[in-house]
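I opened my notebook to look up how this chain is held together.

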Amino acid sequence: MRKTQKTQAEQTISLLQQAHKEIKRALERKKSDIVLELTVQCQEAAIALGTMMEAEAGGETIVHLLEEYCEQLYQLHEAVRQCQPMNVGVVCKALQKKLIEIGNGIRNDIPVRTEVVFLPYKASMWDSLESVWRAASADENCDAYVIPIPYYDRNPDGSFGEMHYEGNLYPEDVPIVHYDAYDFESRHPDKIFIHNPYDDGNYVTSVPPFYYSENLKKYTDDLIYIPYFVLPEIDPSDSKAVEGIEHFCTTAGVMNAHHVIVQSEAMRQIYVDVLTKYTGESKRSYWQKKILGLGSPKMDRVNRLKDGAFQLPEEWEEQIRKEDGSRKKVIFYNTSVTALLQKNEAMLEKIRYNLQIFKENSAEVTLWWRPHPLMEATLSAMRPQLLKQYENIVREYRAGGWGIYDDSPDLDRAIAVSDAYYGDPSSVVSLYQQTGKPIMIQTVDV
């Protein structure tokens with residue numbers, strides 16, 4: 001039984017107890033019409049409760065008790081209707097005893113099932129929720145639903161453009177529920193997990209407004225936001241560094257969620273301090289309860305995966321092997337949206353230069369280029385004058401056949417298989433540090 005249903009059942013028992021008091025008072029005052037009306041109402045409530053219990057494991061005993069309770073009400077109703085003499089105390093005590101049995105059965109014998117919904121939108125960001133889903137799905141008293149939601153590209157004027165749905169891109173062991181097949185209002189899940197915090201504040205993409213955190217919190221008792229990114233760990237006392245990440249702490253998802261799970265206790269302290277600064281010291285205890293430094297599922301996944309866990313496409317396997325069959329060094333080349341927006345044409349030139357260097361050394365080193373999955377959508381919305389140049393670079397690289405181009409949703413494969421990281425500073429760097437492998441940050445000016 002769902003928690004909300006059990007609460008509803010317990011509330012029904014409480015209302016019936018109040019009705020019993022009114023029945024006793026009416027019997028003592030010889031108010032037969034009130035007794036007749038109340039016994040009918042109690043029967044109707046008991047029948048509705050029995051219908052709810054029929055579908056629950058362990059509910060058979062409670063249904064039987066409810067049937068006995070309804071029979072007692074019927075006997076009382078008939079006795080009053082026929083003006084039969086009765087001992088009011090004995091009759092009311094018997095009713096109350098049966099109701100106590102029913103209430104104890106509901107409280108102690110009916111297990112509570114938790115219904116949890118996960119709402120990823122980009123498949124490449126599923127790793128920010130995956131380990132939580134695995135724990136929920138392994139709980140025998142939990143029903144966990146993964147419901148990928150669509151998202152739209154933003155046009156330069158902010159309007160919704162093309163819609164995307166990536167429900168077919170998730171791992172095979174993750175059962176997917178289509179977003180049209182789940183009724184949030186009627187089911188009212190106990191918990192909803194999201195990783196998109198922006199609501200209408202993202203200039204590049206947007207999920208449908210129904211899935212904005214401001215709306216979702218109406219349909220659950222616990223909306224939980226887990227960031228899709230991992231930030232570099234910084235000292236909470238480093239005011240300049242904290243200022244650089246403040247915008248992550250004040251998104252709509254953070255404000256609207258009932259709980260926010262961040263990557264560490266230090267990051268939790270930063271969130272609490274930033275939010276307190278904006279809302280006042282009196283709200284500190286509120287943020288301390290709301291922000292939880294339980295760790296990032298992205299870290300869980302990186303720490304769990306190994307190189308051998310992945311089956312690479314045949315053409316990729318060929319790229320990382322020398323003619324003698326030995327393995328080349330594989331460099332994970334990561335290019336970020338932020339760097340391209342900041343450096344514009346200079347970043348495009350840097351990418352061209354890097355690709356040429358790696359092409360010249362492709363006999364010994366394989367380049368595994370994985371741009372940010374929203375790169376082209378971002379350029380289309382915010383730097384449309386650069387989009388064609390960027391698309392030409394990608395097209396030429398892919399046609400060359402000397403390196404790997406990875407636009408799949410699986411970031412962790414690139415992290416696990418590669419030997420070193422090269423590219424822009426981004427949340428991927430924090431993940432890559434968990435591997436202990438070398439990292440080099442590119443500088444556009446060099």
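**Entry 1: salt bridges**

I began with the rule: a salt bridge is a side-chain nitrogen of Lys or Arg within 4 Å of a carboxyl oxygen of Asp or Glu. By this rule I count 27 salt bridges. Before going on, I noted that this is a predicted model, where local features need pLDDT of at least 70, side-chain atom pairs count only at pLDDT 80 or more, and totals for chains, interfaces and linings use all residues. Residues are numbered from 1 along each chain as its sequence is written, and side-chain values use heavy atoms, with hydrogens and water left out.

I also needed two more terms. Buried means under 20% relative accessible area, exposed means over 50%, and partly exposed is in between (1.4 Å probe, protein chains only). Helices (H or I, at least four residues) and strands (E, at least two) are DSSP runs, numbered from the N terminus.

I looked up Asp-143 and Arg-113. Their side chains meet in a salt bridge, 2.8 Å from N to O. Asp-143 is in strand 2, and Arg-113 is in the loop between helix 4 (88-109) and strand 1, 30 residues apart. Asp-143 is partly exposed at 23%. Arg-113 is partly exposed at 25%.

Next came Arg-187 and Glu-115. Their closest N and O atoms are 2.7 Å apart, in a salt bridge. This pair links helix 6 (residues 184-187) to strand 1, across 72 residues.

Then I checked Glu-166 and Lys-122. They form a salt bridge with closest N and O atoms 3.0 Å apart. Glu-166 lies in the loop between strand 4 (160-164) and helix 6, and Lys-122 in the loop between strand 1 and helix 5, so the pair ties together parts 44 residues apart in sequence. Both residues are buried.

I also found a network of salt bridges. It links Glu-130, Arg-134, Asp-173, Arg-301, Asp-410 and Asp-412.

**Entry 2: the sheet**

Two strands pair if DSSP finds at least two bridges between them. I found an open sheet of six strands in the order 2-1-5-7-8-9, with parallel pairing. Strand 2 (142-146) and strand 9 (291-292) each have a single partner strand, so one side of each is left without a neighbour in the sheet. Strand 5 and strand 7 pair over three bridges. Ile-192 stands opposite Leu-223 in strand 7. Helix 5 (residues 130-138) packs on the sheet and touches strand 1, strand 2 and strand 5.

**Entry 3: the core**

A nonpolar core is a set of buried Ala, Val, Leu, Ile, Met, Phe, Trp, Tyr and Cys residues joined through side-chain atoms within 4.5 Å. The largest one has 39 residues. Leu-119, Phe-184, Tyr-211 and Tyr-271 touch the most other members. Which element gives the most to this core? Helix 10 does, with six residues.

**Entry 4: cysteines**

A disulfide is a pair of cysteine sulfur atoms within 2.5 Å. I found zero disulfides. For Cys-83, the nearest cysteine sulfur is that of Cys-92, 17 Å away. Cys-83 is exposed at 67%. Cys-249 is buried at 0%.

Technical notes. Contact = heavy atoms within 4.5 Å. Axes fitted to C-alpha atoms, helices over the stretch in contact; angles between N-to-C directions.
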